Number of protein chains: 2
Amino acid sequence: MNELAPITHGDPIAPVILGVTSILAFAVIGRVAARKLRQPTVLGELIMGILLGNVAWYLGFDLITVLREGPRVFDVVNLTLAGAPIEVVANSIFGPDSAPEIVRIITGPHGGQVMQVAQIVDAFSRYGVIFMLFMVGLQTNLDEMRDVGADSLRVAIIGVVAPVALGFGVTRLLMPDMALNSDLFVAATLAATSVGITANVLQEMGRDKSREGHIIIGAAVGDDILGLVLLAVVSGIIVSGSVNITEITTVIVVSSIFLIAAGTLGPVIVRFAASVLGRLDIVEAKMFTSYLFVMLLAWMANLAGLATIIGAFAAGIVLHDSYFREHVGEADERVVSIRELIMPLEVILVPIFFILIGIQVKLETFLSWPVVTLAAGLLVVAIVGKLASGLGAFQSKSRWVVGIGMVPRGEVGLVFAAIGRTLGVIDDSVFAAVALMVIVTTLIAPPWLKLALAREDGERAAPVNPP
Amino acid sequence: MNELAPITHGDPIAPVILGVTSILAFAVIGRVAARKLRQPTVLGELIMGILLGNVAWYLGFDLITVLREGPRVFDVVNLTLAGAPIEVVANSIFGPDSAPEIVRIITGPHGGQVMQVAQIVDAFSRYGVIFMLFMVGLQTNLDEMRDVGADSLRVAIIGVVAPVALGFGVTRLLMPDMALNSDLFVAATLAATSVGITANVLQEMGRDKSREGHIIIGAAVGDDILGLVLLAVVSGIIVSGSVNITEITTVIVVSSIFLIAAGTLGPVIVRFAASVLGRLDIVEAKMFTSYLFVMLLAWMANLAGLATIIGAFAAGIVLHDSYFREHVGEADERVVSIRELIMPLEVILVPIFFILIGIQVKLETFLSWPVVTLAAGLLVVAIVGKLASGLGAFQSKSRWVVGIGMVPRGEVGLVFAAIGRTLGVIDDSVFAAVALMVIVTTLIAPPWLKLALAREDGERAAPVNPP
C-alpha cells in the first residue's frame, strides 16, 4: 500500500499561500491601476478579475477554471466523497460539455490541492463580504438619516421601487422562460446604491456637506437597508420554494423578529462579552467581542433563513466603541476603534471577493443575443430607475444631481448577485449581465455627477458674472 | 440524476462560520480563564484544546475527530478524489483501528462539509503561525541583542546546545526504535525559549530593565534565531531524506543564501512595493505591502526547502514602518504601524493554532509506559538544559535567575512540534509528550522565577535591614 502514501514535501499551506496571494496580488494591481485612472477601486478589481477569469482560464490554469465555475464544483467533490461516481455527478451538475474538464481537474495529480486552495479562496471572499457589510453597518448613522428626513426617505423609496419594478418588467419581457424567482432576484440586485462611490465624488467636488450631498448619502443608506429587507424577502421566498402571501408574511415576520432581537438583545450580549473579556487587553477584548458578535449574528441570520450579510450588517449597527468605556475609561475608549481593528481584515479579504466576482463573469455568455439584450435592458432600467428617484427630492432644486448620485451600484449589487448565484437562481449568463450593469453604472456615475455639479455651479455663478 | 443534486439551503459559509467561531470561542474562554488565574494565555488555549480534543471527541463530534487526526485526513480525501478506493487509502494511512471511523465521517451525509470546515480551521491556524512568527520578527531588535553582548550570546548558545544534546540522548535512550530523523526533530523542539512569558514576569516584578532582564530577553531572541536555523537544518535533512554531510552543508548554504537574499533584496522589494502602492491610502499600502511580502518570503522559504515560518520571521526582521516615510511624511509614518495592522489578524488566528495543537494532544497515548517515560525524560532535560544556560552569564551574579528565565518553551516549541507532525516525523505519542513538556515548562517557570527574584531581593535587602 506504500504507493498510496502521499509524499508531502514541505508545508501544506505553501500552495494555499501561492494561490491566495497571487489572486490578491492581481487584485492589488487592479486597485492601483483604478486609482491611477481616478476610477473607483472596486472597478479595478472587478475588471482585473474578468481579465484573469477569461484569459488565464483560456490558458488553462486549473485553479482559475475551478473558481470560475463557483461553488458548484465543491458539490461535485462532496457528492463524490459520499460515494457517487464522479463522472455521473459532474455530468448532472455541469452537463456533458464542461463535465470532463472538471473531472480531469479533480481527479488529476493536484486535484485535492486545487480544490483545497479554491475552497479557501472562496471562504476568504465570503468572510470578506461579511466584514464589508459589518463595516457598512458600523458606518451607518441612523441619526444622520433622520436629519435629512422626508426628502431622503422619498428618494430612497423611489430608488428601490422604480428600478426593481422596471427590472422585474424587463426581465419578464426579455427572458420569458426564466423562473419567477430568478426575475425577482435580478430585480432585487437593481435596488442597491453604492454610498462610497458617490460620497467620494461629492467630497472631491467639495459638495459633501451640501443639502443634495446629505440627501444622496441618506438615501443611499436607506437603499442599503431597504435592499437588505428586499433581499431577505426574496431569498426567503427562494429557500421556501414558493411565492405566496403566507411565505412572504412569514419572511417579513422572521426578518423583523431577527432585527428587533438583534437591536434589543444584541447590546445585552455585547455588554456581557465586554465585561467577561474585560480582563484581556483592550485590543483583544474589542477584537474578540466584535468578531464573535458579527459571526454569531451572521450565523443566526442564516438560521432564520436570511442572508448572513444581513446579520453582519445588523451587528455593525448595534456595535459601538462605547460598550468598552467602563473597562478602559472614556479617554482610552477610542484609542483603537473597532473600525480600525476590523479594517485590516477587510483590506485583505474584500479584494478577494471582488476579483472572484470578476473571475466568474463569463464573457462568452455575451456571444448570445438574449444575454446582450438582457444586459442592455437591465442597464437602461438601472439608470432610469435611479434617475427617477431624484424626483423624490421635493425641497431641492438639484433633483437631477440627486438622481445621478444614486446611479452607481458598486459593491452591494455584486453581493446580491453573488448570493443569487449561490442560491442557484442566477445562472452564468444573467450573472454576467448583472456584473456588466454594475460596472457600467459605477463607471459612468462619477464623471456624469461631476459634469452635472459643474453645470449647476456654472448656472448659479452666471447671474453674478460681470455684465 | 436529480437525487444527486445537492439541496443547498442558505449560505455555504454558515457551517464554516459555526465551526471556526465555536473553536475560537473556546480559545477565548481558555484565554480569559488563564488571565484570571494569572497564567500565560497560551496555556489557557492549549488546555482548553486538550479538553475539547479528548472530551468532545469522546462525545463524537465529527469535526473534532477530524481535527484531532491532523492533516493526514486531507490526504485520504485527496487520494480518494484521485480515484483510489477510500477504504484502502484510509487503511494505509490510519491502520485498521481508526480507518472505519474516518471513512464513516468522510462518506457521511455531512462529510464534505466537515472536511471543508476542517480544512479552513487548519488553514487559519497555519496562517496564524505565519503571522505570529512575522510579529516575532517585527519585534526582534537585533541592536538590542548586540548591546547585552557576550553574556546573552553565551546563554543563548548553551540554551540551545545543552537541551538539544540532552534531548537527543534521552530520545535515543528511551525510544531506541525511533528513526534518527525523529530524534533530531524532538531534540530541536527543546531549543526554543518563549520571550513573551519571561518578559511578562520580569515586567510584573519590575525587573525588565535590570541586567538579568536584558540578558534573558537577548538570549531568548538568540534562541529563536538559533532554533530557526536548527529547524532549517533538521527539516532540510528530513525533506532530502538522508543524513550526510553533503546534505547538511547544502541546507546550511541554502538557508544562508535565503537569509542573505531576504536581507539584501527584501528592502529593495519592499521599497518598490511601497512606491507602487503609494497611490493607495496609507493603511492599504502598508497592509498590502506587509501581507504580500510576508507571504512571498514564506512561500520562497518553502521553495528553498525551509519552513514557511522562517520566511515569515525574516520578513518581520526586514520590514519597518520607515519604508513608507517618503509617501506619507515623517509625521504620519507611524500613524498606523505595521504591527497594529497585523495584530488583528494575529489576535484572531493564533488562538486557533494553539487550540488546534491542544486538540491534537491525544491523552490516551499516555496510557503507555514508554510515552510516560519519554515525556518525563524530555521534561527533565528541557529544564536542566535551560537552567545550565544560566552558567553562560559570566558577568552576572544572578545565573540562577537567568537559567529559570530561559525555561518556558511556550509557542515556539509548539510550532516546531506542529511542523514535525506535518512532516510525518513526530507521531501522536511523541507529539503528546512534547506538548506536555511545553505545558509544564511554561506553567512552572513564572512562579519559580518570581520566587527566585523575591529570594534574591531578600538577600540583597538583608544587609541594610535594621540590626
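Which domains does the domain assignment give for chain A? I looked that up first: domain 1 runs 13-123 and domain 2 runs 124-455. The bounds come from an automatic or database domain assignment.

A note on the ground rules. This is a predicted model, where local features need pLDDT of at least 70, side-chain atom pairs count only at pLDDT 80 or more, and totals for chains, interfaces and linings use all residues. Residues are numbered from 1 along each chain as its sequence is written, while chains are lettered from A and ligands numbered from 1 in the order in which they are written.

**Domain contact in chain A**

I checked the centres of domain 1 and domain 2 of chain A, taken over C-alpha atoms, and they are 25 Å apart. Domain 1 of chain A puts 28 residues into the contact and domain 2 of chain A puts in 24; two residues touch if their C-beta atoms, placed from the backbone, lie within 7 Å. On the domain 1 side, α1 (13-36), α2 (41-59), α3 and α6 of chain A each give two or more residues. I see α2(A) giving the largest share, 11 residues. Helices here are DSSP runs (H or I, at least four residues), numbered from the N terminus. That side of domain 1 of chain A splits into 20 nonpolar, 4 polar and 4 charged residues. For those classes, Ala, Val, Leu, Ile, Met, Phe, Trp, Tyr, Cys and Pro are nonpolar, Asp, Glu, Lys and Arg are charged, and the others, Gly among them, are polar.

**α3 against α6, chain A**

Next I looked at α3 (residues 62-69) and α6 (residues 111-139) of chain A, whose axes come within 10 Å and cross at roughly 50 degrees. Axes are lines fitted to C-alpha atoms, for helices over the stretch in contact, with angles from 0 to 180 degrees between N-to-C directions. From α3(A), Asp62(A), Leu63(A), Val66(A) and Leu67(A) meet Val114(A), Met115(A), Val117(A), Ala118(A) and Val121(A) of α6(A). I get 8 nonpolar, no polar and 1 charged residues for this contact.

**Chain B on chain A**

I laid chain B on chain A: a turn of 180 degrees and a shift of 0.0 Å along the axis give an RMSD of 0.0 Å, superposed by least squares on C-alpha atoms of residues with pLDDT of at least 70 in both. The two copies are thus related as by a two-fold rotation axis. Chain B and chain A each give 68 residues to their contact. On the chain B side, α1(B) has the largest share, 12 residues. By class I have 43 nonpolar, 17 polar and 8 charged residues there. Since 100% of the interface residues of chain B are also interface residues in chain A, the copies meet through the same surface.
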